[in-house]
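User: Please take me through this model, and set each term you use against its definition.

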Amino acid sequence: MERVSVVTDVRKANQDIAQENRNLFEACGTCAINLMSAPGAGKTSVLEATIRQIAPSYEVAVIEGDLQTSIDSERIRALGVSAYQITTGSVCHLDARMVAKAVAEFPVDGIDLLFIENVGNLVCPAEFDLGEALRVMVFSVPEGAEKPKKYPLMFHTADVVLLNKIDLIPYAGVSLDELWRNVVEVNPRAAVFPISCKTGQGMDAWVGWLREKVKPRLCRMLRRDEL
Amino acid sequence: MHELSVAESILNIAVTQAQNHDAPAIERIKLRLGEFTGVVREALEFAFEVARQGTPAELAVLEIEIIPLRTKCPNCGCTDKPAGDFCLLCERCGQPVEILSGREMEVEFVDLAEALELTKRST
């Protein structure tokens with residue numbers, strides 16, 4: 001028997017491809033956003049509401065990840081934004097290789113903001129780097145104030161946590177303060193925005209933050225001004 | 001059930017080592033697994049049993065060492081583990097703490113069978 005020291009991160013194979021994706025996005029001047037949540041928290045609705053506010057001044061594209069169907073990419077295309085659908089079959093998360101394959105067929109040249117909507121799942125996507133610049137997590141208030149403690153990893157790895165469906169607080173019996181405190185305890189660095197993509201409440205603060213973080217390219221802005 | 005992808009990644013790392021060392025089989029794979037990862041030990045062990053079939057690790061033992069979550073406060077230096085429920089604010093001063101360990105998911109070593117040993121055993 002021979003013992004061979006390895007000391008290799010199991011995530012390395014995925015991370016290597018994620019880094020290639022990241023290099024490509026940077027070379028294209030594209031800010032890639034990995035959008036994650038449990039099923040039904042409102043990722044696609046938040047995306048639609050965000051695109052409606054931001055699309056006039058930004059070039060936006062979307063990669064949709066789902067187990068089955070192209071319902072979500074059709075919803076995005078209905079807004080006049082190009083979308084690419086990845087159907088994972090039974091895989092519960094997107095990985096860097098799936099995204100690399102997608103961008104080989106769906107060029108991101110000239111795109112300011114590329115949203116990558118992950119498969120709805122509160123656990124698995126958190127461990128898979130896709131090469132994104134930002135991780136945005138959508139959590140819907142009715143899911144319960146204790147969830148950040150029960151599923152800490154995804155909250156922990158997010159740069160932004162959007163607390164969606166705040167219009168349902170009176171019916172859900174969930175304390176926004178308690179939920180917010182639990183988010184901060186597992187991720188003190190996250191930017192947290194309570195929103196309702198249905199009523200539009202809080203959307204200005206989130207989209208304003210995004211505009212500050214990601215600037216559309218200057219040349220395109222000048223061109224628009226000249227028109 | 002992403003433990004299956006994790007098990008496949010572990011096997012890829014181990015099988016590459018076996019190939020590089022011309023070893024016919026893998027006897028043991030040692031994994032260091034942080035407490036603060038999205039991997040459930042039991043699910044990973046089950047996924048490993050499924051994924052190893054038909055590979056040189058078919059009879060290999062997956063040895064898992066759980067690495068506890070340890071943190072340090074950059075403000076006051078407190079290194080107490082956050083109380084129970086993954087609170088990443090310092091117990092003493094309330095500032096965000098840094099994670100020292102608990103995020104590991106790494107193959108530490110593999111034990112490879114030598115060609116001769118295998119022949120000996122089969123006779």
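User: Which residues of α1(B) are buried?

Analyst: In α1(B), the buried residues are Glu3(B), Ser5(B), Val6(B), Ala7(B), Ser9(B), Ile10(B), Leu11(B), Ile13(B), Ala14(B), Gln17(B) and Ala18(B). A residue is buried if 20 or more other C-beta atoms lie within 10 Å of its own, exposed if 12 or fewer, and partly exposed in between, with C-beta atoms placed from the backbone. This is a predicted model, in which local features need pLDDT of at least 70 and side-chain atom pairs count only at pLDDT 80 or more, while totals for chains, interfaces and linings use all residues. Residues are numbered from 1 along each chain as its sequence is written, and chains are lettered from A and ligands numbered from 1 in the order in which they are written.

User: What covers the buried residues of α1(B)?

Analyst: The cover includes β1 and α1 (12-28) of chain A together with β1, α2 (41-51) and β5 of chain B. Helix α1 (residues 3-20) of chain B lies across β1 of chain A and across β1 (25-34) and β5 of chain B, at about 40° to β5(B). Contact here requires C-beta atoms, placed from the backbone, within 7 Å. Axes are lines fitted to C-alpha atoms, for helices over the stretch in contact, and angles run from 0 to 180 degrees between N-to-C directions. Helices (H or I, at least four residues) and strands (E, at least two) are DSSP runs, numbered from the N terminus.

User: Why does the span of α1(B) agree with its 18 residues?

Analyst: The expected span is 1.5 Å times one less than the number of residues. For the 18 residues of α1(B) that gives 26 Å, and the end C-alpha atoms are 26 Å apart, so the two agree. After α1(B) comes Asp22(B), with a positive phi near 50°.

User: Which strands make up the open sheet with mixed pairing?

Analyst: Its 4 strands have the order β1(A)-β5(B)-β1(B)-β2(B). The edge strands, each pairing on one side only, are β1 (2-9) of chain A and β2 (61-67) of chain B. Two strands pair if DSSP finds at least two bridges between them. β1(A) and β5 (residues 105-113) of chain B have 6 bridges, in the antiparallel sense, and they therefore meet that cut-off of at least two. Asp9(A) has Glu106(B) as its bridge partner in β5(B).

User: Why is strand β5 of chain A described as largely enclosed?

Analyst: 5 of the 5 residues of β5(A) (residues 113-117) are buried, so the rest of the structure largely encloses the strand. Leu113(A), Phe115(A) and Glu117(A) point one way, Leu114(A) and Ile116(A) the other. In a regular strand the side chains alternate between the two faces of the sheet. β5(A) pairs in the parallel sense with β2 (residues 31-36) of chain A over 5 bridges, and Ile33(A) stands opposite Phe115(A). Strand β3 (residues 60-66) of chain A also runs parallel to β5(A), joined by 5 bridges.

User: How do you know that Val103(A) is buried?

Analyst: Val103(A) has 24 other C-beta atoms within 10 Å, and the cut-off is 20 or more, so Val103(A) is buried. Val103(A) belongs to helix α4 (residues 96-105) of chain A. Leu24(A) is 79 residues from Val103(A) in sequence, yet 9.3 Å away in space, C-alpha to C-alpha.

User: What makes a nonpolar core, and which residues touch the most other members of the largest one?

Analyst: A nonpolar core is a set of buried Ala, Val, Leu, Ile, Met, Phe, Trp, Tyr and Cys residues joined through C-beta atoms within 7 Å. In the largest, of 70 residues, Leu114(A), Ile116(A), Met137(A) and Leu162(A) touch the most other members. A second, separate core of 25 residues includes Val6(B), Ile10(B), Val107(B) and Leu112(B).

Terms used. Two residues are in contact if their C-beta atoms, placed from the backbone, lie within 7 Å.
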